Amino acid sequence: MHPANSPAPAGLDVITLGTAAGPAIRSGAPGIATAIAVDGAHYLVDFGLGCTRQANAAGLRGQDLRAAFITHLHSDHVGELPAYLLWNWGRPVDGFTRDVPVYGPGPQTSEMVSHLLAAFDYDIAIRIVDEGRPDLRRIVRPVDIELPADAAGGGPGSTPAMRPFEVYTDENVTVTAILVEHPPVFPAFAFRFDTRYGSVVISGDTTECENVATLAAGADLLIHEAVNLAYFAARDFSSEFLNHQQISHTTPAGVGRVARAAGVGHVVLSHLAGVATDEEWAAGVAEEFSGPITVAQPGQRFVPGRIPARS
């Protein structure tokens, strides 16, 4: 049985499990992770600090996980992947018992997952025998996302304008991806989930980027990262760190420009880098975008076309 707070058995439910950038801890919010639930199945994007408990609290059980997606391999996006897999595997924990693909940048994703599973080989082997669980090493299947031809020439210093390309499809969703600009990390992706109930785009980590607007064209919901540059500029951070924030992340006003260019229905800010009030985050977006804006809270649920009430 599923707990009462599980996503509805029919429809689309988007849950911002964690909303904080990292790996620094500057608030009580869990690290970045987002769930897309469709007709009882769900899909996860990124595995930030705290996502395992957050998914459980949201009523999500591993037995209903169809696929996972990693935007890029910065530690604040993948740091809790091993914990999530080990806490959501096998019937004793209502976990997955069949194929779970994990899509991410190649070849690093397959290398990372292989090493993680090898690191926990002792525990996995014991639980297979002692608890009757299936072999986790044969269930979790890393999938390195291959770049299409129009991404040729791309690299840490160059993100080509390109068309979205399909990476996954089943009876519930079609998932497309596009390269975003997050130097020096390459490749880094944004993902779009199209369902019969609506569409949602997750930017991943990126500076203000034309490709995100291309991917998000006409989307119902755009979940986009944001940085408060003034917060970092007022503190004693190194020049290298400040430069990274400037060239690799998006200001709230930049999010507004992307949302306006894409014609999205609703902007949700998540992966918040630095500290600001909700009003300050939203005001920056509103300088450039006249539609609905929400600063996501951990565990908040979104349904395309329905603007959540302020808590």
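**Reading strand 2 in its sheet**

Tutor: Start with a pair: Val14 stands opposite Ile36 in strand 2. This is a predicted model, where local features need pLDDT of at least 70, side-chain atom pairs count only at pLDDT 80 or more, and totals for chains, interfaces and linings use all residues. Residues are numbered from 1 along each chain as its sequence is written, and side-chain values use heavy atoms, with hydrogens and water left out.

Student: In which sense do strand 1 and strand 2 pair?

Tutor: Two strands pair if DSSP finds at least two bridges between them; strands are DSSP runs (E, at least two residues), numbered from the N terminus. Here strand 1 (residues 12–18) and strand 2 are antiparallel, over five bridges. Strand 2 (residues 33–38) also pairs with strand 3 (residues 41–45), again antiparallel over five bridges. There, Ile36 faces Tyr43 and Ala35 faces Leu44.

Student: How many residues lie between strand 2 and strand 3?

Tutor: Two, in a hairpin whose turn includes Asp39, with a positive phi of about 50°.

Student: Which residues of strand 2 are on each side?

Tutor: In a regular strand the side chains alternate between the two faces of the sheet. In strand 2, Ala33, Ala35 and Ala37 sit on one side, with Thr34, Ile36 and Val38 on the other, and all are buried (under 20% relative accessible area, with exposed over 50% and partly exposed in between; 1.4 Å probe, protein chains only).

Student: What is the strand order of the whole sheet?

Tutor: The order is 6-5-4-3-2-1-14, an open sheet of seven strands with mixed pairing. Strand 6 (140–145) and strand 14 (300–302) are the edges, each pairing on one side only.

Definitions and conventions:
Helix = DSSP H or I, 4+ residues; strand = E, 2+ residues; numbered from the N terminus.
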